[in-house]
Amino acid sequence: MRRAIEGLKINCSALACLGILSGAFLGFLPGEGAQAQQIGQVRKLQRATFQSFSSGGEPLEPVGGVHLAPGLERRPGTGGQVYNPGEPSLNMALCRWEPKKMPLKIWISPGLQLPEKPFSELQKVRPDEVFEMLRQPGAPFENCGLTQAREWTEDVNYQVAAGIEQWREFEKEGLFSFGFTDDPRQAHIMVFFVDSFKDSTSPGGIMVGGNTCAQLYPYDVAQRVNIAQKPVVIEMSTLVNRSPEKMIAASCHEFGHALGIKAHSPYRDDIMHENRVVDYLSPADKATIRALYKSKPAYVM
Ligand SMILES: [Zn+2]
């Protein structure tokens with residue numbers, strides 16, 4: 001039975017979440033001068049307009065302002081509108097956790113860095129890779145040869161937890177619940193760290209600050225059989241998120257993906273924009289998670 005279910009999993013949920021290199025960060029990486037110069041140039045740019053894009057419905061108007069990545073600004077009075085949380089590679093089908101999985105258990109690793117892989121390969125391997133590591137005898141990850149990410153400290157884990165805690169307010173609405181565990185073998189969601197993601201720099205000095213990988217299962221199948229849970233794997237860059245504020249906001253964003261907001265918001269003032277300008281959940285982020293957890297999903301984790 002296990003094999004049949006394995007065949008139905010859909011390994012398509014990895015989100016590249018961008019962070020902006022800070023000047024301090026550039027100082028730590030000699031040889032990245034070209035990027036530093038690019039950032040300097042970006043900051044001196046005149047106000048520019050960008051092609052707008054829409055996740056469906058009516059076309060949106062182009063917006064002005066200096067943006068490092070395309071992003072939309074809302075029309076006045078629409079700040080609390082839901083954006084589409086659907087999985088783009090599944091035609092925006094909805095995905096979330098089921099009530100029977102609550103409370104979700106989260107394990108934040110002590111700075112552990114998973115084996116380096118090209119960024120484009122992560123989504124294919126991470127949940128299975130971590131699942132297999134946890135099946136090894138002995139203490140979890142004891143003999144897996146994992147290293148610790150550069151500049152990780154215990155404080156970083158408190159920052160990650162603080163970012164995740166931003167979603168706590170929805171517990172009292174009955175949408176979902178979660179807690180932290182010391183035992184990775186109990187965890188639904190696991191947080192690892194990485195210095196910086198390999199092969200992930202895009203033009204303009206934007207680097208990936210976080211990544212979330214999950215395996216999804218069709219909802220109807222999940223009702224009929226017990227599926228061996230593969231953990232949702234979050235990886236946070238310690239170097240891109242070097243300040244506490246960045247790490248808190250980035251972990252809040254990644255946990256939004258882990259909860260099921262798979263797509264990025266097209267609006268830069270939402271925490272779920274891929275290159276967000278805010279550090280806290282916006283009214284639209286809140287409206288979106290409510291809508292998601294009140295809908296019937298096509299897929300579950
Ligand atoms: Zn993201």
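In which helix is Thr 288 found?

A: Thr 288 is found in helix α8. The model is predicted: local features need pLDDT of at least 70, side-chain atom pairs count only at pLDDT 80 or more, and totals for chains, interfaces and linings use all residues. Residues are numbered from 1 along each chain as its sequence is written, and side-chain values use heavy atoms, leaving out hydrogens and water.

Start with the residue itself. Thr 288 counts as buried because its relative accessibility is 0%. Thr 288 is then in contact with Val 82, Tyr 83, Pro 85 and Ile 261. (Contact means heavy atoms within 4.5 Å.)

Now the helix around it. Helix α8 spans residues 283–293, and Thr 288 is one of its buried residues. (Helices, H or I with at least four residues, and strands, E with at least two, are DSSP runs numbered from the N terminus.)

Thr 78 lies in the loop between α3 (33–44) and β2. Thr 78 counts as buried because its relative accessibility is 18%. Asn 91 lies in the loop between α3 and β2 as well. Asn 91, at 74% relative accessibility, counts as exposed. The phi of Asn 91 is near 55°, a positive value in a residue other than glycine.

Helix α7 (residues 244–259) has a partner, helix α5 (residues 154–165). Two packed helices are described by the angle between their axes and the distance between the axes. Here the axes come within 7 Å and cross at roughly 50°. (Axes are lines fitted to C-alpha atoms, for helices over the stretch in contact, and angles run from 0 to 180 degrees between N-to-C directions.) Helices α5 and α7 are therefore oblique to each other. (Angles under 35 degrees count as roughly parallel, over 145 as roughly antiparallel, 65 to 115 as roughly perpendicular and the rest as oblique.) Val 156, Gln 159, Val 160, Ala 162, Gly 163 and Ile 164 of α5 make this contact with Pro 244, Met 247, Ile 248, Ser 251, Cys 252 and Phe 255 of α7. By type, the contact residues divide into 9 nonpolar, 3 polar and no charged. (Ala, Val, Leu, Ile, Met, Phe, Trp, Tyr, Cys and Pro count as nonpolar, Asp, Glu, Lys and Arg as charged, and the others, Gly among them, as polar.)

Then the strands. Strand β9 (residues 232–237) is largely enclosed by the rest of the structure, because 6 of its 6 residues are buried. Val 232, Ile 234 and Met 236 point one way from β9, and Val 233, Glu 235 and Ser 237 point the other way. Strand β7 (residues 189–194) runs parallel to β9, and 6 bridges join them. (Two strands pair if DSSP finds at least two bridges between them.) Ile 189 stands opposite Val 232, and Phe 193 stands opposite Met 236.

Strand β7 is mostly covered too, with 6 of its 6 residues buried. Ile 189, Val 191 and Phe 193 lie on one side, and Met 190, Phe 192 and Val 194 on the other. Strand β3 (residues 104–108) pairs with β7 in the parallel sense over 3 bridges. Ile 106 stands opposite Ile 189, and Trp 107 stands opposite Met 190. Strand β3 also pairs with strand β6 (residues 178–180), in the parallel sense and over 3 bridges. There, Leu 104 stands opposite Phe 178. Of the 5 residues of β3, 4 are buried, so this strand is largely enclosed by the rest of the structure.

One more local detail belongs here. Pro 103 is in the loop between β2 and β3. A cis peptide bond joins Met 102 and Pro 103, with omega about -5°.

Finally, the whole chain. It has 8 helices and 10 strands. Of its 301 residues, 50% count as buried.

Conventions. Buried means under 20% relative accessible area, exposed over 50%, partly exposed in between (1.4 Å probe, protein chains only). Lists of a residue's contacts leave out its neighbours within four places in sequence.
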